[in-house]
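Try each task before you read its solution.

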Amino acid sequence: MNVPKLRFKEFTDEWKQTPLKNIIYSNIIEAPKPTTDYIRLGIRSHCKGTFHELVKIENILSADKMYIVPKNNLILNITFAWEQAIAITDDNDEGKYISNRFPTFAFKDNQLPTFYKYIIPQKRLKYDLNVASPGGAGRNRVLNKKLFLSIPVNIPLLKEQEKIAKFLTTVDKKITNLENIITSLENQKKGLLQQIFSQKLRFKDKNGNNYPNWEKKKLGNIATLKNGISKSNEAFGHGKKFINLQDIFNKSYIFNDNYSLVDVTEKELSENNLLKGDVLFVRSSVKREGVGLPCVIMENLIDTVYSGFIIRCRFNINENIYLHYKKYCFLEFSFRKALLKKSSSSANTNINQDNLSKLYVKLPCLEEQTKIADFLSAFDRKLENQKAQLEHWKQIKKGLLQQMFV
């Protein structure tokens, strides 16, 4: 039978297969191509996130050349392989401008845009949708309206459409709420880092007194910096464990784990070993904000070396620095600002050992380091909990989408 695996129990009718031309009006609108001026002014809508960043833009030059989306239209994203669609359903959503990369259309017979926005990204439709928008990925895609209108879709009766759309919209609201909480917490964390490391916010000792004045030390005077190793493709797949750039990117800490393997000599293993307390910096990043991000090694990594795209920072034995403090002192605003200033950009953004060694690290006494790190770690745990909930709900939505449609 032509029915989904997961269904509300009050519905028993089979779903009907029909081409899109029977559901939507054939006059699919594609806005005029924006001029260079529009692009420079940021008028062109984009497809980040869930497409909700289409914004109402007022008082722009030659606004009559831009297409304004009517109520109850569905906007499609042909720029990045049909991953997103958005239903314009609210009176407040009218008056949004779109560019030529976002075709939009209206539905016949009271069909629900909010239902169809969940059908568009389904895997089973992607092949047909890609055929209907030839030209490769990105800005070269062009919508073939005839092929698009002939694409078959499976649909239920209107009442079931309404129930599905309402249910999935509730799930989306939960996801959006968690995303907003995470964004708020991340902004709070940035503010706390800036206040703590500018010393506007200070911790007290057990007697309620300020701790001693902080020191600023040049990284090259308190630590040794070293790039990792580079090997040919033939060297990988056997040998010792190998920490790659992907293993540390966007991670605060790293432990022993099942990493990829590389063939190295005993000398290379000895010179590029990884010990508890070492900090690994991202040496090269496609995104500018990713360069120089730190990852702290929390235990001796057995028989493990690291990539040439990583810089190892090993502190001198006489430097008394709290393990968890190392994460935060390299994320604070002034250190990051100085690091990015000394970075170079071409295809990627890069930082080298010499420039990294010239940067200054702020070091309070060990007891205050501990209080700072423990305070921020507690905040991070709260943030990670919200991120885990977000991932949980995204997986729930993914499972629902796989089972609620034919």
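**Exercise 1: burial of a ring pair**

Phe197 is buried, with a relative accessible area of 2%. Buried means under 20%, exposed over 50%, and partly exposed in between (1.4 Å probe, protein chains only). This is a predicted model: local features need pLDDT of at least 70, side-chain atom pairs need 80 or more, and totals for chains, interfaces and linings use all residues. Residues are numbered from 1 along each chain as its sequence is written, and side-chain values use heavy atoms, without hydrogens and water.

Task: classify Trp214 as buried or exposed.

Solution: Trp214 has a relative accessible area of 12%. That is under 20%, so Trp214 is buried.

**Exercise 2: ring geometry**

Task: find how the planes of Phe281 and Phe330 are arranged.

Solution: Step one is the distance. The centres of Phe281 and Phe330 lie 5.0 Å apart. Rings of Phe, Tyr and Trp (its six-membered ring) pair if their centres lie within 6.5 Å. Step two is the angle. Planes under 30 degrees apart are stacked, over 60 edge-to-face, the rest tilted. The angle here is 80°, so the pair is edge-to-face. Step three is burial. Phe281 is buried, and so is Phe330.

**Exercise 3: charges over rings**

Task: state which ring the charged end of Lys163 sits over.

Solution: A charge sits over a ring if NZ of Lys or CZ of Arg is within 6 Å of the ring centre and within 35 degrees of the ring normal. The charged end of Lys163 sits over Phe8, 4.6 Å from the ring centre. Lys216 sits over Tyr360 at 5.9 Å.
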